[in-house]
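Subject: Structure for your reading

Dear colleague,

Please find below the structure that I promised to hand over. I would be grateful if you kept it open while reading the notes that follow it.

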Amino acid sequence: LTIVTAAWFLIVLTVQPWVASERALVGFASEGVSEIGKGLLTGAVFLWAAAMAAPRFRMMIPPTYGLYLTYMLLAVPAAVYSGSGSAFLLAVRLGMVLAIPALLWPWLTGNAEAFLRVHRRAHTVLAAVVLGGLLLGGSAAWEFGIPFGAGGRLQGVVPPMSAVRVGEVGAILAGLGLIAVVFGRIRPTFGLAGTLVGFGLIFLSHTRTAAGALIAGLVVASLSVARSRQGRWALTGVFLLLLVGTVFVNPLRSWVLREQSPEQFATLTGRWAAWESLVQKKLTPDEVVFGHGLGAKTITLEPNTLAQPWLEIQREKPIDNGWLSVFWEGGVVGVVLISLALGAAFVFAWRAPTPYVRAACVFLLVLVLVASLLETGLSDTSSLTLHVLVASGAAYADRVAARSRRATADRGT
């Protein structure tokens, strides 16, 4: 399992930016070189997983994986037809990432909880790397070199990691850590320490999306196991946490505003203008059905969406919405396939026989849904996609294991 953990950590590492920012200590010079490096590393892990599985193995593909695979199979010919080499590489990389958990099925999901444990450990390592960068990187650990007291945001320096990604790592670490402690899957000392580190990363990175996703994920995860004793404890804990938060309304309000002007906050830091521009774009029938291909995640703002002068600073804006991005990249077909994939993942997660697996998987999926409202990544190899694959794989494995146990019991009687 240690070797498999290392392999999955490398896959988690491939969804980091890898492009050296102005203040990062290391990183590739351009996005193109970064994508080639990620593809090579993903290919190496894929070949290693295939070698471990050969010559005989039992590959089981959860429905969510199958739907993502269908999406990938449509994206490859679309990339070839459009002549986009980058879109082709992104599609192939997504296919390899989908295949790796299936190839490692006996190790990752033979025990349904193993996949969740591996995912939590990978994010523990990422959190340690971010904290190491904070200690060694000095001002480079803060976005634009602005310290936290002046509204700065913690970012990763080795490897380069945006403040948003740092907050997401914190949310995963805190959420999975709390659930593992409640269900006795980890020692309270280690679990609570990891949870505190997760909260610290969210706080220092000023990531509002991660904070909201963490709270929503814990609430829905607690509801999914409300009939169990641990679920009632979890609901009580979340309630008390929110109650304590009311005492610190003013500091929390200041943290949420993040030194932004009312116009910036109202337009979600320009996101609303990008979404309005995308809706106003005149698209061909082919673009409506099949999209623009993987990798197309930015849009040029239309003139009538630039009512705020500060938006002129950056006319080319990222879409920063998972569902609009899926439509832009994969069209209506992509939206339908990804919606079905997430729907199937939720069904299996909510009906997982083991309460711990159910709570952890539901937490991951709710976090993805909340984050997808303000982030892209549902339609390609991203951290959000990895969370979906982990949740759907673990929930599916838990159901398969329960069926196997029932079959064994029936034969015994």
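A residue is called buried when its relative accessible area is under 20%, exposed when that value is over 50%, and partly exposed in between. R185 has a relative accessible area of 34%, so this residue is partly exposed. Please bear in mind throughout that the model is predicted.

**Salt bridges**

The count of salt bridges comes to two. One of them joins E113 to R185, and their closest N and O atoms are 2.9 Å apart. This pair links distant parts of the chain, as its members are 72 residues apart. E113 belongs to helix α6 (residues 112-137), while R185 sits in the loop between α7 (163-182) and α8 (188-205). Is E113 buried or exposed? With a relative accessibility of 17%, E113 falls under the 20% cut-off and therefore counts as buried.

The side chains of R165 and E168 also meet in a salt bridge, at 3.2 Å from N to O. Both residues lie in helix α7, three residues apart, which is about one turn of the helix. R165 is buried, at 6% relative accessibility, and E168 is buried as well, with a relative accessible area of 6%.

**A nonpolar patch on the surface**

Which residues form the nonpolar patch? The patch consists of V288, V289, F290, V332, V336 and L340, which together have about 470 Å² of accessible area. Helices α14 and α15 (322-350) each supply at least two residues of this patch.

V288 is found in helix α14 and is partly exposed, at 31% relative accessibility. V289 lies in helix α14 too, which spans residues 285-290. The relative accessible area of V289 is 34%, so V289 counts as partly exposed.

What does V289 touch, apart from its neighbours within four places in sequence? V289 is in contact with G330, G331, V332 and V333.

R351, R403, R405 and R406 form a positive surface patch. Among them, R406 is found in helix α17, which covers residues 383-412.

I hope that these notes will be of use as you study the structure.

Yours sincerely,
A colleague

Methods
Residues numbered from 1 in each chain as written. Predicted model: local features only at pLDDT ≥ 70, side-chain atom pairs only at ≥ 80, totals over all residues. Heavy atoms only, no water. Salt bridge = Lys/Arg side-chain N within 4 Å of Asp/Glu carboxyl O. Helix = DSSP H or I, 4+ residues; strand = E, 2+ residues; numbered from the N terminus. Buried < 20%, exposed > 50% of the residue type's maximum accessible area, 1.4 Å probe, protein only. Patch = residues over 30% accessible without salt bridge, like charges linked within 9 Å, V, L, I, M, F, W, Y side chains within 5 Å. Areas by Shrake-Rupley, 256 points an atom, 1.4 Å probe, with all protein chains shown as cover. Lys, Arg positive; Asp, Glu negative; His and termini not counted. Charge placed at Lys NZ, Arg CZ, Asp CG, Glu CD. Contact = heavy atoms within 4.5 Å.
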